[in-house]
Amino acid sequence: MADRAQPLRSRWGLGVAALVATFILGALAAVILRAEVGRGLGVADWAAIRFTIWQAVRSAVVSVTLAVPVARALARRRFRGRRLLIALMGAPFILPVIVAILGILAVFGRSGWLSDLLGVFGLGPLQIYGLHGVVLAHVFFNLPLATRLILQGWQEIPAERFRLAAQLNAGPLAMWRLLEAPMLRQVVPGALAVVFAICLSSFAVALTLGGGPRATTIELAIYQAFRFDFDLGRAAMLSGVQLLLTGAAALVALRVASGEGFGAGLDRPVRRWDGEGRWARGLDAIYLSGAALFLVLPLSAIVIAGLPGLLSMGASVWMAAATSALIAGLSTLVLLLIALPMAIAVALGRGAVVEVAGLLGLAVSPLVIGTGLFILIYPVADPFALALPVTALVNALMALPFALRILIPRVREILARYGRLSLSLDMRGGVFLRRVLLPRLRPQLGFAAGLAAALSMGDLGVIALFADSETATLPLQVYRLMGAYRMEAASGGALLLLCLSMGAFYICDRGGRRHAET
């Protein structure tokens, strides 16, 4: 799509992309230059690297293994509440990590529901902290993602393939061998790589459920070197290792996520033509019920424990909630200001340059960026005084790749449909933006804003590096209450955080779709 044949120009998007790339790459350069190459990694550092890779491997394998039967059941069953269950699969993506962890502790912890149930039979309580706790939390977050990825693979098999197999009297094993197993060989490696890459850079899970010499991830080691030892050289070196691992995992995910399709069909709903017996239906019901309970129980536990906890929260929790709302609002505004011109530039044919800049926020860990920013700011200003604006900016960059994926297809469609007509009416620049593009882009802008607000509201990353004893967001304050064993107040704060995150997403998304053309 030629830039000269459109009512908008790409120069603003290119300029914003250059600023984003300079910001992120500048922080990375500071980390690399600060790292002490001749110093080498210590025994604890190598242990953190091994644990990071091992927990990511186990988390990815468990998540994808459990996701296969759940996705298969969703693909071949039609039942009341199916859409609600699929929508529930997207909830953990915007769910604040600290909220989910408190729910997991309430269900699977030493004093949790399952431990109480085991106590009735004379068994000991569950041990949640350490490797198994980290893997359990990662499965909670990534099982829905893996299910959605694999379900998409099942839905891409044309329904006519199943019909033809049924006409040829193909049994369940033959249908599995001819249709389902080839699809899984294409989809599962990509799902494994994506989940593995996500688990490599999970900070809040390791901070709350890991810890200790044998359960420390690289990001947790960076945090410890930064906050406790103030060893910027070690933090920078570990940040470089983290960058190499996440970059390699992201490249692998991109390479293995593609594959040959199954051809075109008539877009009919996918139906299974075998396995309609009681045994098959019972197994599918068990898989779907188990997945639903696994997702719903921790959320229910937060609500049940948080309601009385709302009364025991102090003024510090409400102040932290106000701080989180301020950061989320600022982060959302920054995101929209940088995402819209970049999306326009991509739609105008400048995708290769702009999209690479946008993806940097996904490839680089927020903790790595935070370390680099601290190194850059420390000689000239007090980094702790800039905790809130730095956190808001980094949160916006972390949400940028998702916002671009939401905005670009719609911007491209609007330009293709109304671009030449607007040129014939001499509607260019700001007039086209105000009267044509923005009104038709409101639903996507609202969705992107809601996603950014929810993710920023629940973030426990950069703020953990920059915050002092008097500054805290709501996730950080909940974590501090957990550390002080004030679990009732922490549960109340978690419920408040859940309501604020989901409320921010709903308000932005609903506001974008109201009176908008869809």
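The second largest pocket in this structure has a volume of about 590 Å³. A pocket here is an open set of points, on a 1 Å grid over the protein atoms alone, with protein on both sides within 12 Å along at least five of seven lines, and lining residues have an atom within 4 Å of a point. Volume is the space filled by probe spheres set on the points, which are joined across faces, edges and corners.

Of the 23 residues lining that pocket, Leu102, Leu105, Tyr129, Met482 and Met487 are the closest to its centre.

Before I go on, this is a predicted model: local features need pLDDT of at least 70, side-chain atom pairs count only at pLDDT 80 or more, and totals for chains, interfaces and linings use all residues. Residues are numbered from 1 along each chain as its sequence is written, and side-chain values use heavy atoms, with hydrogens and water left out.

Back to the pocket. Helices H5 (97–108), H13 (278–309), H19 (474–483) and H20 (487–513) each give at least two residues to its lining. Helices are DSSP runs (H or I, at least four residues), numbered from the N terminus. By class, the lining has 14 nonpolar, six polar and three charged residues. Nonpolar covers Ala, Val, Leu, Ile, Met, Phe, Trp, Tyr, Cys and Pro; charged covers Asp, Glu, Lys and Arg; the others, Gly among them, are polar.

Next, the cavity, meaning a set of points where a 1.4 Å probe fits but cannot get out.

Last, the aromatics. Phe108, Phe140, Phe141 and Phe294 form one cluster. The count of aromatic pairs comes to six, where rings of Phe, Tyr and Trp (its six-membered ring) pair if their centres lie within 6.5 Å.

Key: Rings of Phe, Tyr and Trp (its six-membered ring) pair if their centres lie within 6.5 Å; planes under 30 degrees apart count as stacked, over 60 as edge-to-face and the rest as tilted.
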